[in-house]
Amino acid sequence: MKRPVIGITASHDTEHDKLFINSVYLRAIRNAGGIPMIFPMEVTEDDLRDLVTLTDGVLFTGGDDIHPFLYGEETDAKCGNVSQPRDSMEMALVPLVMEFGKPIFGICRGIQILNTAMGGTLYQDIPSQFKSELSIAHRQPFAYKVPSHTVDITPGTLLSRILGEEHASIAVNSMHHQAIKDVAPGLEVCGYAPDKMIEAVYAPDYPFLLGVQWHPEHLTTSQQDAAKLFAAFVDACR
């Protein structure tokens, strides 16, 4: 069986104008049976369309914050660094991939760019903007390979079907200071942290679109649930 080619977005070192990507993303795709292909950042619309036709699905990876102008807000003092070239490319890439109906998986920044491109908003800084009686470490104080909190899975959703309907929750790692505030039209929540932070969304009317706020790529070798997410995504790309 032909292995699916998975387009992957890269991070942008804005100080030195360099693209980079954590190799764990590439390993997770390969281990799930896919061939990773890293997208360039400075491309024309025609280039991007041609690249999408070469891929069987797209993985939107983690990275810097998304410019608040893209979801209609002024920049909060605690917003982090942004890359306008990356924002521009990915904001164009999301609707293009959806036009082709190809599978989409978003991780950390990836879930945020999906929500933004589809018309949702973000908390620019969780500690100062999100209120909860629980204190959850959304920026965990230890290694990424160690889970730091749980996510409650909504029954009957894509996440539930991937992990198994018997799963009420999943242990996740966490390293973000932004998150979904208003869910975009066309998306539905399929996982919440114990403090009710949105941790996973999907598009029920799309062939395969899943976004998660944690980093399963760091957990695939130690956690079967994390490996299942990549396996489901790559299988949907076949």
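Buried here means under 20% relative accessible area, exposed over 50%, and partly exposed anything in between (1.4 Å probe, protein chains only). The model is predicted, so local features need pLDDT of at least 70 and side-chain atom pairs pLDDT 80 or more, while totals for chains, interfaces and linings use all residues. Numbering starts from 1 along each chain as its sequence is written, and side-chain values use heavy atoms, with hydrogens and water left out.

**View A. Glu 90 has salt bridges to Arg 86 and to Arg 109.** A salt bridge puts a side-chain nitrogen of Lys or Arg within 4 Å of a carboxyl oxygen of Asp or Glu. Start with Glu 90 and Arg 86, whose closest N and O atoms sit 2.5 Å apart. These two are four residues apart in helix H3, so about one helical turn separates them. Now look across to Arg 109: the closest N and O atoms of this residue and Glu 90 are 3.3 Å apart. Since Glu 90 belongs to helix H3 and Arg 109 to helix H4, this contact ties together parts that are 19 residues apart in sequence. Asp 87 joins in as well, as salt bridges with shared partners make one network of Arg 86, Asp 87, Glu 90 and Arg 109. How accessible are Glu 90, Arg 86 and Arg 109? Glu 90 is buried at 0% relative accessible area, Arg 86 is buried at 2%, and Arg 109 is buried at 1%.

**View B. Glu 73 and Lys 181 meet through their side chains.** This is a salt bridge too, with 2.8 Å from N to O. The pair links distant parts of the chain, 108 residues apart. Glu 73 comes from the loop between E5 and helix H3 (84-100), and Lys 181 from the loop between strand E10 (179-180) and E11. Helices (H or I, at least four residues) and strands (E, at least two) are DSSP runs, numbered from the N terminus. Lys 181 is partly exposed, its relative accessible area being 31%.

**View C. Strand E5 is joined by bridges to E1 and to E6.** Strands count as paired if DSSP finds at least two bridges between them. E1 (residues 5-8) and E5 run parallel and share three bridges, with Ile 8 partnered by Leu 59 of E5. E5 (residues 57-60) and E6 also run parallel with three bridges, and here Val 58 has Ile 104 of E6 as its bridge partner.

**View D. What covers the two sides of E5 and of E6?** In a regular strand, side chains alternate between the two faces of the sheet. Both faces of E5 are covered, with Gly 57 and Leu 59 buried on one side and Val 58 and Phe 60 buried on the other. Strand E6 (residues 104-107) is covered on both faces as well: Ile 104 and Gly 106 are buried on one side, and Phe 105 and Ile 107 are buried on the other.

**View E. Cys 108 and Lys 196 both have a positive phi.** Most residues other than glycine have a negative phi. Cys 108, not a glycine, has phi near 55 degrees. Find it in the loop between E6 and helix H4 (109-117). Lys 196 isn't a glycine either, and its phi is about 75 degrees. That residue lies in the loop between strand E11 (188-192) and strand E12 (198-202). Buried or exposed? Cys 108 is buried at 7% relative accessibility, whereas Lys 196 is exposed at 58%.

**View F. Pro 207 and Lys 102 are 7.5 Å apart in space, C-alpha to C-alpha.** Pro 207 is part of the loop between E12 and strand E13 (209-212). With a relative accessible area of 64%, Pro 207 is exposed.
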